[in-house]
Amino acid sequence: MNAKLTFAAGTLMLEGMVRAEVQRTFDAPVWVWDSRVNAWRCDALQYDQVRRRLTGLQIAAADTVPQWRPIHWPHVRLPELRAEQREALAAWLATRCGCIIMPTGTGKTEIALSIMAETRVSTLVVAPVRDLMYQWHRRILGGLGYDAGIIGDNVFRVKPVSVTTYDSACIHMDKLGNRFGLIVFDECHHLPGDVRRDAARMCAAPWRLGLTATPERSDGRHLDLEWLIGPVVYEMPISEAKGQVLADYEVVRIPVHLSAAEQARYDRLSSVVRRYMAERRKDDPKYSWQDLCAETGKTPAARAALKAYRAKKAIEDRAEDKLRVLEDLFRLHVGEPVIVFAGSNSMARDVSRRFLIPCLLHHCGKKERLEILQGLEQGTYGALVANQVLDEGVDLPEAKVAVVIGGTASSRQAKQRLGRILRKRGNTKARLYEIVCSDTKEEQRSRQRRASDAYRGTIHRRPEQPQ
C-alpha cells in the first residue's frame, strides 16, 4: 500500500487505501469518503488514534500531519509545586490527555506551565477572552522566558508557542491545526459550545490539557469534554482546599426590600409577563420562555412582554436598598480592597457614580483594565465594580472582601466569583456578601447559584422590614 496521511483544512485526509482495507484497519467508523478528492476524511481530532492504529498494525503510511517541533525554553523559573499540584501534574503526564479540575486560586496555571516545561513541544494555549490571552502571554514570558505568539485581538503573530482565544482558534484552526503538539484549553467548560468545539475538532495535537474550576454546563455538554480533550485526570473539591490551599471564608447573605414605589412597578411589570404567558399557554400548553424570545421579532405583544421582563429584572438589579447596604459594607471594611460584582452594566455604572470607584466592563480597553487593577493593588482605589468581566480566570490583586449585588442563577458564576477572593495570604479570612431582593425572582436565582458545596454554611442575615 502507498497510503498517505495529510492535514487538510482542519481534517485528516487518508489516500491510497480502498474501503475494505480501511474497514479492516479501523474498528470504529472513523472515516468518511470524500468523492471530491477521492480520499477518506475525518476530524483532525482523531489523529492520535489513527496514528496509533496504523503503527500498531505496522501499516506503512507516509504521515505528513505533524508540523510541531521540540521547544527549547530560554529559562524555567516556575514556583515549586505543592503536593496536590504535583499529583495533578503526574496524573496528566500518565495519559497526556485530560482535564484538571481545581478551584479558582489553587494554581492550575502553574501546573499547565510545568506541563509545558516538561513536554517541550510546540504549544497553543486557548483562553476564553483576550484579557486571559494576554495574561497567559505574560506568564509564559515570565516562567519560561518565551515571547509567545499572539493570535487574536487583531494580531496574527504565530510562533511555535502561541496564545489565542476560543473565537480566534475556531477561525484559524483550519490553517494551524497541525502546528502544535500540545493544546491547552483554559476554562475548558467554554469548549463544548456549537462553534467553539471546532477549536478541538480541527486540531491534530495528540496531547491535550483542559483546565477549569467549574466543568458543569446547564446543557449537559460538559460530557463532551471527554472526547474533545480527554477524561478527568485530577479533581480537587473546594471543601478540600478551604483553609489549606485556599483562604478560609464565609458567605453572608443579606436580604433587602424594594421600596414601595419599586415594588408597585415590579408587580405591575410581573403581571404583564404572567398575562402574556397565560394567554399563549391557552393555545399551546408547552409554550416556553424560549418560544417567547423567538416571537419577539414577529409580534408586538411578545416584544412588550420581553420588555416588561427586562424592566422588572432591572428593578431587582438596581434596587436603591442595595446601594444603602453596600455603603454600610464599605464603611465596615474601610481600608480593605473590595470587589463588587453587579448583575448588569447599568447597576455597575450606578455603583461607580454613587461611590466614585472605577467600573470594569467588557468593552474597557486593555490599558484601562490594567490601570484599574494596578490601582486596586497599590491602594489608589479602595474598591472596584464589575459586571461579568472578572467572573473567571483573570488574576486579580489580593482582596478578601467581595459583594455580589446581582447575577445569574448559574452556580458556576457563583463559584467563580467566590474564587476571586480565596487566594491564601496568611490566615486572613475572606468574606463574600450576597445582597438579595426579598419577594422577587432574585431569591430563586440566589438559591440556584448557592446550590453548591462552596456555599454550604452560608450565614443568613435577617431582613429589615421596609420603612
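A residue counts as buried when its relative accessible area is under 20%, as exposed when that area is over 50%, and as partly exposed in between, using a 1.4 Å probe and protein chains only. Tryptophan 73 is buried by this definition, with a relative accessible area of 5%.

The structure is a predicted model, in which local features need pLDDT of at least 70 and side-chain atom pairs count only at pLDDT 80 or more, while totals for chains, interfaces and linings use all residues. Residues are numbered from 1 along each chain as its sequence is written, and side-chain values use heavy atoms, with hydrogens and water left out.

Aromatic pairs are rings of Phe, Tyr and Trp (its six-membered ring) whose centres lie within 6.5 Å, with planes under 30 degrees apart called stacked, over 60 edge-to-face and the rest tilted.

| Pair | Centre to centre | Angle between planes | Arrangement |
|---|---|---|---|
| Tryptophan 73 and tyrosine 146 | 5.8 Å | 80° | edge-to-face |
| Tyrosine 276 and tyrosine 287 | 6.4 Å | 65° | edge-to-face |

Helices (H or I, at least four residues) and strands (E, at least two) are DSSP runs, numbered from the N terminus. Tryptophan 73 lies in the loop between strand S5 (61-63) and helix H3 (83-95), and tyrosine 146 in the loop between helix H5 (130-144) and strand S8 (149-152), so their pair ties together parts that are 73 residues apart in sequence. Tyrosine 146 is buried, with a relative accessible area of 14%. In the other pair, tyrosine 276 belongs to helix H10 (residues 260-283) and tyrosine 287 to the loop between H10 and helix H11 (289-295), 11 residues apart; tyrosine 276 is buried at 11% relative accessible area, and tyrosine 287 is buried at 3%.

Strand S14 (residues 249-256) is mostly covered, with 8 of its 8 residues buried. Tyr249, Val251, Arg253 and Pro255 point one way from S14, whereas Glu250, Val252, Ile254 and Val256 point the other way. Strands pair if DSSP finds at least two bridges between them, and S14 pairs with strand S19 (residues 430-437) in the parallel sense over 8 bridges, with valine 251 opposite leucine 432 in S19.

Helix H12 (residues 300-317) and helix H17 (residues 441-449) pack at an angle of about 70°, with their axes 10 Å apart. Axes are lines fitted to C-alpha atoms, for helices over the stretch in contact, and angles run from 0 to 180 degrees between N-to-C directions. H12 and H17 are therefore roughly perpendicular to each other, a term for angles of 65 to 115 degrees, with under 35 roughly parallel, over 145 roughly antiparallel and the rest oblique. Lys312, Lys313, Glu316 and Asp317 in H12 meet Lys441, Glu442 and Arg445 in H17, where contact means heavy atoms within 4.5 Å.
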